[in-house]
Amino acid sequence: MVSLTAPYVSGFLAFREVPFLLELVQQLREKEPGLMPQVLLVDGNGVLHHRGFGVACHLGVLTDLPCVGVAKKLLQVDGLENNALHKEKLSGACMERLLNKNLLS
């Protein structure tokens, strides 16, 4: 169990939660390296964060593991809309990035 003392501030989730997540990944890497995941799924945004660098990005950089932000809802920020056409564009863009990085074949 982790006790968070910092309050939740919209847009700054990484600064509150990444230190604990990083510690867990480091403990796993040291104690059970054979169980290290190839990809981390993170409860929060990554590149769809309104600053373009959410909790998933922070954790990925610090752990050197690919991280996917799995947010509960699409952020409403400039240029983004929560409709079918936008979701289709996002899916295409994500697939293109994965193909370009040889992460998907």
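Reader: In which hand does H1 pass H2?
Author: H1 passes H2 in a right-handed crossing, where the near helix is turned clockwise from the far one by less than a right angle. Helices here are DSSP runs (H or I, at least four residues), numbered from the N terminus, and strands are runs of E of at least two.

Reader: Which residues make that contact?
Author: From H1, Leu13, Ala14, Phe15, Val18, Leu21, Leu22, Val25 and Arg29; from H2, Val55, His58, Leu59, Leu62 and Thr63. Contact means heavy atoms within 4.5 Å.

Reader: Before I go on, what is the model's origin?
Author: The model is predicted, so local features need pLDDT of at least 70 and side-chain atom pairs count only at pLDDT 80 or more, while totals for chains, interfaces and linings use all residues. Residues are numbered from 1 along each chain as its sequence is written, and side-chain values use heavy atoms, with hydrogens and water left out.

Reader: OK, leucine 4. Where does it lie?
Author: Leucine 4 is in the segment before helix H1 (13-31).

Reader: What does leucine 4 touch, leaving aside neighbours within four places in sequence?
Author: Leucine 4 is in contact with Arg16, Glu17 and Phe20. Leucine 4 and glutamate 17 are 13 residues apart in sequence, and their C-alpha atoms are 8.0 Å apart in space.

Reader: And how exposed is leucine 4?
Author: Leucine 4 is partly exposed, at a relative accessible area of 35%. Partly exposed is the range between buried (under 20%) and exposed (over 50%), with a 1.4 Å probe and protein chains only.
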